[in-house]
Amino acid sequence: MSAVVKNAYDWLSRPEPENDNKAPVSGKLAAVISTSYIGQTQIHDCEKMGEYCKVRYFNKSYYINLASGAFDEKGQLKSEAEKKKLLAWGADLVTWANQNK
């Protein structure tokens with residue numbers, strides 16, 4: 001897990017006395033997406049840390065394997081199949097978020 005992600009979770013998981021000692025992210029909705037070659041490991045780490053804070057996670061994580069070759073020079077996904085997969089994931093995420101407000 002990167003130091004940046006770990007530091008963000010450290011701050012977001014701190015209990016706030018003015019919020020009944022709940023973490024700022026307690027009860028919030030979240031999703032995890034990764035563009036790392038070890039994406040599944042990072043996704044698992046993020047989800048485990050979020051569970052401690054009582055974050056409500058979307059049950060479908062998403063990662064792009066070998067992302068260094070997945071994008072063109074403009075930052076766009078090269079693969080049409082990957083674009084469709086990501087759009088479908090995003091649509092499922094929006095549906096889930098709307099159902100869990």
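This is a predicted model: local features need pLDDT of at least 70, side-chain atom pairs count only at pLDDT 80 or more; totals for chains, interfaces and linings use all residues.

**Side-chain contacts, pair by pair**

A: Ile64 sits in the loop between β4 and α3. Helices (H or I, at least four residues) and strands (E, at least two) are DSSP runs, numbered from the N terminus. Ile64 is buried at 4% relative accessibility. Buried means under 20% relative accessible area, exposed over 50%, and partly exposed in between (1.4 Å probe, protein chains only).

Residues are numbered from 1 along each chain as its sequence is written, and side-chain values use heavy atoms, with hydrogens and water left out.

Confidence comes next. pLDDT is the predictor's confidence in each residue, from 0 to 100. The protein chain has a mean pLDDT of 83, and 95% of its residues reach 70 or more. Helix α3 (residues 80-99) has the highest confidence, at a mean of 94. Helix α2 (residues 39-52) has the lowest, at 75.

Now the charged pairs. Side chains of opposite charge can pair when their charged atoms come close. A salt bridge is a side-chain nitrogen of Lys or Arg within 4 Å of a carboxyl oxygen of Asp or Glu. The whole structure holds two salt bridges. One joins Asp92 to Lys60, at 2.8 Å from N to O. Asp92 belongs to helix α3 and Lys60 to the loop between β3 (56-57) and β4 (62-63), so this pair ties together parts 32 residues apart in sequence. Asp92 is partly exposed, at 34% relative accessible area. Lys60 is partly exposed too, at 38%.

Glu80 and Lys83 form a salt bridge as well, with their closest N and O atoms 3.1 Å apart. Both residues lie in helix α3, three residues apart, about one turn of the helix. Lys83 counts as partly exposed, at 28% relative accessibility.

Then the rings. Rings of Phe, Tyr and Trp (its six-membered ring) pair if their centres lie within 6.5 Å; planes under 30 degrees apart count as stacked, over 60 as edge-to-face and the rest as tilted. Three aromatic pairs turn up in the whole structure. Phe58 and Trp89 make an edge-to-face pair, 5.8 Å centre to centre with 65 degrees between the planes. Phe58 is in the loop between β3 and β4 and Trp89 in helix α3, 31 residues apart, and the pair links these distant parts of the chain. Phe58 is buried at 4% relative accessibility. Trp89 is buried at 12% relative accessible area.

Phe58 and Trp96 have ring centres 5.5 Å apart and planes at 45 degrees, so this pair is tilted. Here, too, distant parts of the chain are linked: Phe58 in the β3 to β4 loop and Trp96 in helix α3, 38 residues apart. Trp96 is buried at 16% relative accessible area. Phe58, Tyr62, Trp89 and Trp96 form one aromatic cluster.

Last, a charge over a ring. This needs NZ of Lys or CZ of Arg within 6 Å of the ring centre and within 35 degrees of the ring normal. Arg14 lies over the face of Trp11, at 4.1 Å from the ring centre.
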